[in-house]
There are 2 protein chains.
Amino acid sequence: MSKVKVGINGYGTIGKRVADAVKAQNDMEVVGVTKTRPTFEAQTAIDKGFSLYVPEDSLKAFRDAKMPVKGTIKDLYKAAEIMVDCTPGDVGEKYKAEYEAAGIKAIFQGGEDHSLTGISFNSTANYSESWGAQFSRVVSCNTTGLLRTLNPIDKKIKIKNAYVTLVRRGVDPGDSKGGPINGLEPTVKLPTHHGPDVKSIMPWLNINTMAIKASTTLMHLHTVVVELEKETGTDEILNIMRTSPRVKLIKSSSGIKGTAEIMELGREMGRNRSDMYEIVVWEDGVKVVGKMLYYYQAVHQESDVVPENIDCIRSMCKMEEDASVSISKTNKSLGIRQ
Amino acid sequence: MSKVKVGINGYGTIGKRVADAVKAQNDMEVVGVTKTRPTFEAQTAIDKGFSLYVPEDSLKAFRDAKMPVKGTIKDLYKAAEIMVDCTPGDVGEKYKAEYEAAGIKAIFQGGEDHSLTGISFNSTANYSESWGAQFSRVVSCNTTGLLRTLNPIDKKIKIKNAYVTLVRRGVDPGDSKGGPINGLEPTVKLPTHHGPDVKSIMPWLNINTMAIKASTTLMHLHTVVVELEKETGTDEILNIMRTSPRVKLIKSSSGIKGTAEIMELGREMGRNRSDMYEIVVWEDGVKVVGKMLYYYQAVHQESDVVPENIDCIRSMCKMEEDASVSISKTNKSLGIRQ
């Protein structure tokens, strides 16, 4: 079987992770990654053996930095069948036109609006909707987190209403600019974009989201309040979560008090970059009272969408029709247990 | 009019503030404050002219530190008509017996259980319930914050359900131990104590609370989701909040992005210790959709209960029958605008 040729546009937080994840598959390969400036991340891409493609007006800077470049970004379009666009949010419009002109497929990330592609992707919720599509969009880390738990619950026990508070990390661990250093910042414009973004995949879901930015770099943490259509029990919910892909149940009694310990667990598990691809739910924090369900979940903003990007490639490139087969394959390659 | 004689047991975060607030009233006076160790706070109490009372076995330590002591804690019981107990949580049982034996009144703080006193206090919600009582309890900072906004809304438009997420400060600004320094910690045991604590004053209210501890020292920040009995509009809610005591509406467009700016405002207002006694609500973060109401509120954990302690003294010592008169008086003395 010939491998699907994947290009990564933007070798940043998500791009570098998707590159490694693509490399870990036996049915696809990385034909190149792009970088605009000769940073330490560009050097690590070279060190890992990825071919570097840069914008034409960056060629000199890379030459000056003595970093070998394979070609320009437009050259990469010729080598790739599908681009995973991991450029910063809101520049997708420009690139979409380029991909279109080159006649190749492309996946965008959650920083772009749903309207850019008209199709959004989550492995659990709607794998087949991107089947054969030229363009799709993997929803953001928080939206992915919400879909991973809410979608299976909605499938088994219909959800009437969901009220979510997202406590967001201020900046990523690799950033040293921005973010509250000691304070909490509400996103006053309501609803925040997260609820509508979940609806881009589950349009029937009544969901409202509020968000607070906190002084932390590690993970987002959600409180989820769900009004179910019928009464249920905590065990039923835990059983649903236990069988949901990329949802990890942990217990506070095991010493996992918060996001710091979850990230420490990722390091102990020997994960690439110590990532935690799974949405982490506190088993002893799941509570059902009649039709009301309450739980906490933690989202590793840097990595939870990485396996979804791999599955999205398989759906768009018609490599595997069965979502669960693609999910299993991706999981196995990244060390995610079912 | 003779002034009511108030003793403060525990000159810590709350005690030192209540002492200053009592001193600022014309109908009560501080007859003494207690401290167990000769710390810098004990020195500032002396510098401010407060008489210091200490446990018998601390007398030597204070003598060694050359800090003048007026007597033992038991001596203070003789000088005071009412004690404001600001000792650490869960030691109230022991002190209650002492106050009882001394035949004096006492106010406890939110660190104690409602069952200790059988009466809990909030100026807005139930001023008159502590009328003439020997013992009462001013509920915690978070509970006070919830009562200040939920009670007036419930009075005007009945509340069917309230779902609150409290993002709590890790430690107080004056502490350098404990608290997540980079992380978020959920309180997994649900419901958290905050909901039941609100019910100690509004037993008919359906309220559920979840809580997350964050890496910040400044304030708590709540997301409040309220299901009302009938449809309403954002302006109606804002009008209720505008006329509710000790609720301050601010706008993010004025530059108040988060808790850091609120605390900066407290400093600019020239408040004692830069405190923000009011519950701060983002006006542009209040949203009504049909019967659902969403808002954010910030709680200054060190100071919001201070005016309630003053009002509670007035109710328990039968100094002022009309809640609104006491509230106005306290507000005026502390620089809180209506």
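# Exercises on a predicted two-chain model

At 48% relative accessibility, K230(B) counts as partly exposed. The exercises below concern a predicted model.

**Exercise 1.** Determine where K230(B) is found in chain B and with which residues it is in contact, leaving aside its neighbours within four places in sequence.

*Solution.* Step 1: the secondary structure places K230(B) in the loop between β12 (220–228) and α9 (234–242) of chain B. Step 2: once the neighbours within four places in sequence are set aside, K230(B) is in contact with I157(B) and K291(B). Step 3: K230(B) and K291(B) are 61 residues apart in sequence, yet their C-alpha atoms are 5.6 Å apart in space.

**Exercise 2.** Decide whether N161(A) is buried or exposed, and describe its surroundings.

*Solution.* Step 1: N161(A) belongs to strand β9 of chain A, which covers residues 159–169. Step 2: buried means under 20% relative accessible area; N161(A) has 18% and therefore counts as buried. Step 3: not counting residues up to four places away in sequence, N161(A) touches N206(A), V225(A), V226(A) and E227(A).

**Exercise 3.** Characterise the overall form of chain A from its radius of gyration and its secondary structure.

*Solution.* Step 1: chain A contains 12 helices and 16 strands. Step 2: a compact globule of 338 residues would have a radius of gyration near 20 Å, and chain A agrees because its value is 20 Å. Step 3: along the principal axes, the C-alpha trace of chain A spans about 65 × 45 × 40 Å. Step 4: 61% of the 338 residues of chain A count as buried. Step 5: among contacts in chain A between residues at least 6 apart in sequence, 71% join residues at least 24 apart.

**Exercise 4.** State how many positive and negative side chains chain A has, and how far apart the centres of the two sets lie.

*Solution.* Step 1: chain A has 45 positive and 42 negative side chains. Step 2: the centres of these two sets lie 2 Å apart.

**Exercise 5.** Describe the interface between chain B and chain A in terms of contacts and buried area.

*Solution.* Step 1: 42 residues of chain B are in contact with 41 residues of chain A. Step 2: the area buried between the two chains is about 3400 Å², and carbon and sulfur atoms give 66% of that area. Step 3: on the chain B side, L184(B), M210(B) and Y296(B) lose the most area to chain A, together 20% of what that side buries.

Notes
Residues numbered from 1 in each chain as written. Chains lettered and ligands numbered in written order. Predicted model: local features only at pLDDT ≥ 70, side-chain atom pairs only at ≥ 80, totals over all residues. Heavy atoms only, no water. Helix = DSSP H or I, 4+ residues; strand = E, 2+ residues; numbered from the N terminus. Rg over C-alpha atoms; globule rule 2.2 N^0.38 Å. Buried < 20%, exposed > 50% of the residue type's maximum accessible area, 1.4 Å probe, protein only. Contact = heavy atoms within 4.5 Å. Lys, Arg positive; Asp, Glu negative; His and termini not counted. Charge placed at Lys NZ, Arg CZ, Asp CG, Glu CD. Buried area = accessible area lost by both parts, 1.4 Å probe.
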